[in-house]
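Trainee: Could we walk through this one together, strand by strand?
Mentor: Happy to, let's bring it up on the screen.

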Amino acid sequence: MKNNFDDLLREALVPTDEPKETLNRCILQQAKKMQEPDAAAGRFGTKARKGGQIGAGMKKKKTVRKKFPAAAMIAVGVLALGSVTAVAAYRYLSPGQIAAQVKDQKLGEAFAGEDALLMHETQESNGYRITLLGSVAGKNISQYLEVDDQELSEDDRIYTIVAIEHADGTPMPDSSSAEYGEESFYVSHYIRGLDPAKYSLMRMGGSYSEIVKDGVQYRLLVMDNLEMFADRGIYVGVSSGVFYDTEAYRYDEGTGEMSPNEAYDGVNALFVLPLDPKRADPEAAAAYLEELEKEEDAPQQPQEMDGTDLLVEEFIAKLTPENIDTYAVPLEATRQICKADANGDYPYAWKLEDGSGADGVIFMDDSGVSIGERRICGYTYSENGLEDLKIETYMLREDNTVEYVVYVPIRNSSAFG
């Protein structure tokens, strides 16, 4: 009944004329003054730069994960730019509200500025309703700037927000429920004319925060500022899974166009950001792509180590396939059997109740991996060192699948001390 009511409102209340930008911004400002936040907690998730891909021959490295604060969300009805409906106004939170609730005043101000794109474009895909709510880009427009692999601040970013919900009105799982995370989504910007399998969130400085409020899941996507490609065209894609699925979209190498694959058994919504082509900078775009290629080809540089790093390195150096179970224990919630995808890689993803998690792919090289031999393929830790060290391992099985599981140190083991 509720869903039918929503559909009727959507059909009945679609305006024949779009409101002027000045009117929209006035309404947005008034709505902000009228609303008070409630106390619904959110949850954050990240995707490592370059996808965190790991393999048998890849060097180990420390991964630094930066987090936005947890968020409380509120609902408010406002009109925004574009093809607006009253149903969208009452149903969704505004980009400015989302920024406010993650305690990011600067980002909220950016979404209220004249350069922000505020939209309510909706598509339905495989039983889900996906709505593009807004986007804003620029330098230093967030209070929570991330860092790259060299610990340098990434200050020039693009922020885009989408809402994801069940088309039949069934609430999306709350972050505190056991079902939360069972259905995963890969949300990314794509550049027209560039192969999306190579250029997406995982390679272009991507991360995200994710919040569920009143049955709607909100994804705040953050990537390198792609406005320099505005003359080419920028897509926003929402697809099933935790990494880019080559079957979700069709990419025409001749025209550079992307389009949803109608035969795909999953979510594959695709939007076009209405960026002003005047914001394009072809020289900067060429330099950016050249830098990405250099980063991809360059060997990893050794990082300067402190005492925490040395303790972790010493612990990892002691581990072998034969003794890892003596010094560490597996986190059973992360154990999974991975099958090879179309590229011959093995995708994996996990998320724990504390909100920590990771995803990526395992790729096999020519190092002679033996069936049944467990190998370390990567590890992450923070300034706490061994206290929160997570060791990623894999084991090739006889049926050509891979068993992936994360280990943590045993505190009373001799290797721990």
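**Strands, a helix and their neighbours**

Mentor: Strand β3 (residues 117-125) pairs with β4 in the antiparallel sense over seven bridges. Two strands count as paired if DSSP finds at least two bridges between them, and helices (H or I, at least four residues) and strands (E, at least two) are DSSP runs numbered from the N terminus. Before we go on: this is a predicted model, where local features need pLDDT of at least 70 and side-chain atom pairs count only at pLDDT 80 or more, while totals for chains, interfaces and linings use all residues. Residues are numbered from 1 along each chain as its sequence is written, and side-chain values use heavy atoms, with hydrogens and water left out.

Trainee: Which residue in β4 is the bridge partner of Gln123?
Mentor: Start with Thr122, which stands opposite Thr131 in β4. For Gln123, the bridge partner in β4 is Ile130.

Trainee: Which residue takes a positive phi in the hairpin of β3 and β4?
Mentor: Look between the strands, where this hairpin has two residues. The one with a positive phi, near 50°, is Asn126.

Trainee: How many bridges join β4 to strand β7?
Mentor: β4 and β7 (residues 156-166) run antiparallel. Within this pairing, Gly134 stands opposite Ile161 in β7. The number of bridges joining β4 to β7 is eleven.

Trainee: How many of the twelve residues of β4 are buried?
Mentor: Buried means under 20% relative accessible area, exposed over 50%, and partly exposed in between (1.4 Å probe, protein chains only). Strand β4 (residues 128-139) is largely enclosed by the rest of the structure, because its buried residues number eleven.

Trainee: Which strands stand at the edges of the open sheet of four?
Mentor: The sheet has the order β15-β20-β19-β18, with antiparallel pairing. An edge strand here has a single partner strand, so one side of it is left without a neighbour in the sheet; the two are β15 (328-338) and β18 (374-380).

Trainee: What is the bridge partner of Gly378 in β19?
Mentor: β18 and β19 (residues 390-396) pair in the antiparallel sense over six bridges. In β19, the partner of Gly378 is Glu392.

Trainee: At what angle does helix α7 run to β18?
Mentor: Axes are lines fitted to C-alpha atoms, for helices over the stretch in contact, and angles run from 0 to 180 degrees between N-to-C directions. Helix α7 (residues 307-318) lies across β18, β19 and β20 (402-409). Its angle to β18 is about 170°.

Trainee: How wide an arc do the buried residues of α7 cover?
Mentor: In α7, Asp309, Val312, Phe315 and Ile316 are buried. The arc is that of the directions from the helix axis to the C-beta atoms. These residues are on the same side of α7 because their arc is only 130°.

Trainee: Is Val408 buried or exposed?
Mentor: Val408 has its place in strand β20. Contact means heavy atoms within 4.5 Å, and residues that Val408 touches include Ala328, Leu331 and Leu389. With a relative accessibility of 19%, Val408 counts as buried.

Trainee: What is the length of the polar contact between the side chains of Glu210 and Arg219?
Mentor: Glu210 is in strand β9 (residues 207-213), and at 6% relative accessibility Glu210 counts as buried. A polar contact is a pair of N or O atoms within 3.5 Å; within protein, one must be able to donate a hydrogen and the other to accept it, and residues adjacent in sequence count only if both atoms are side-chain atoms. For Glu210 and Arg219 the value is 2.7 Å.

How values were computed: Lists of a residue's contacts leave out its neighbours within four places in sequence.
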